[in-house]
Amino acid sequence: MISIDRFTEILDELAEELPPAFFEELNGGIVVDPGRPQHPEARHGDLYVMGEYRSDPAMGHYIVLYYGSFRRVHGGLDEAALREEMRSVLRHEFRHHVEGRAGVRDLEVWDEQQLAAYRADE
């Protein structure tokens, strides 16, 4: 697995692929957190949070990617494959940001459907 410094460098490169309009009102930017939080509904230690879009009255709007979660879930990938996973998560979180600004919640509904499928797969 790459270092957290390299992870951050790649994330910066991936962010540069996105149009500047995506960053409007994302006043907290993109943050790398070393943690590996499990989703509150994880049943067997098998559901990690890879990234989050946060909207906080004090901190503003920002995106977090969890280096520790990527290390745990995708630690065996080579850098090119890891980059694709990071790109996917980053764009997912940006979609939350853009949809939130537009008053749309389609991705939130999709996320809930994914959790419902996880719950049903007991």
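Tutor: A salt bridge is a side-chain nitrogen of Lys or Arg within 4 Å of a carboxyl oxygen of Asp or Glu. The structure above is a predicted model, and a search of the whole of it finds 14 salt bridges.

Student: Take Arg87 as an example. With which residue does Arg87 form a salt bridge?

Tutor: The partner of Arg87 is Glu84, and their closest N and O atoms are 2.3 Å apart. Both residues belong to helix H3, where they stand 3 residues apart, about one turn of the helix.

Student: Is Arg87 buried or exposed?

Tutor: Buried means under 20% relative accessible area. Arg87 has 17%, so it counts as buried.

Student: Which salt bridge links Arg6 to another part of the chain?

Tutor: Arg6 pairs with Glu79 through their side chains, at 2.6 Å from N to O.

Student: Which residues are linked with Arg6 and Glu79 in a network of salt bridges?

Tutor: The network also takes in Glu9, Glu13 and Arg83.

Student: And Glu25: with which side chain does Glu25 meet in a salt bridge?

Tutor: With that of Arg101, at 3.6 Å from N to O. Here too the pair links distant parts of the chain: Glu25 sits in the loop between H1 and strand E1 (29-33), Arg101 sits in helix H3, and they are 76 residues apart. Glu25 is partly exposed, with a relative accessible area of 49%, and Arg101 is partly exposed at 36%.

Student: Turn to the nonpolar residues. Which members of the largest nonpolar core touch the most other members?

Tutor: A core of this kind is read from contacts among buried nonpolar side chains. In this structure the largest core has 18 residues, and those touching the most other members are Phe7, Ile63, Leu65, Phe70, Met86, Leu90 and Phe94. Two or more residues each come from helix H1 (4-16), strand E3 (60-66), helix H2 (67-74) and helix H3 (79-102). H3 supplies the largest share, 5 residues.

Student: What is Phe94 in contact with, leaving aside its neighbours within four places in sequence?

Tutor: Phe94 contacts Leu18, Phe22, Phe23, Leu26, Ile30 and Ile63.

Student: How is empty space found?

Tutor: Rolling a probe the size of a water molecule over the atoms shows where empty space is left. In this model the largest pocket holds about 720 Å³ of space. The lining is made of 23 residues, and the closest to the pocket centre are His39, Tyr48, Gly51, His92 and Asp111.

Student: Which element gives the most to the lining of the largest pocket?

Tutor: That is H4, with 7 residues. At least two lining residues come from each of E2, H3 and helix H4 (106-120). By class, the lining divides into 11 nonpolar, 7 polar and 5 charged residues.

Student: One last residue. Where is Ala42 found, and which residues does Ala42 touch, not counting those up to four places away in sequence?

Tutor: Ala42 lies in the loop between E1 and strand E2 (51-56). Its contacts beyond those sequence neighbours are Leu47 and Tyr118. Separation in sequence and in space are read as two values: Ala42 and Arg119 are 77 residues apart in sequence, and their C-alpha atoms are 9.0 Å apart in space.

Note on methods. Residues are numbered from 1 along each chain as its sequence is written. This is a predicted model: local features need pLDDT of at least 70, side-chain atom pairs count only at pLDDT 80 or more; totals for chains, interfaces and linings use all residues. Side-chain values use heavy atoms; hydrogens and water are left out. A nonpolar core is a set of buried Ala, Val, Leu, Ile, Met, Phe, Trp, Tyr and Cys residues joined through side-chain atoms within 4.5 Å. Buried means under 20% relative accessible area, exposed over 50%, partly exposed in between (1.4 Å probe, protein chains only). Helices (H or I, at least four residues) and strands (E, at least two) are DSSP runs, numbered from the N terminus. Contact means heavy atoms within 4.5 Å. On a 1 Å grid over the protein atoms alone, a cavity is a set of points where a 1.4 Å probe fits but cannot get out, and a pocket is an open set with protein on both sides within 12 Å along at least five of seven lines; lining residues have an atom within 4 Å of a point. Grid points are joined across faces, edges and corners, and a volume is the space filled by probe spheres set on the points. Ala, Val, Leu, Ile, Met, Phe, Trp, Tyr, Cys and Pro count as nonpolar, Asp, Glu, Lys and Arg as charged, and the others, Gly among them, as polar.
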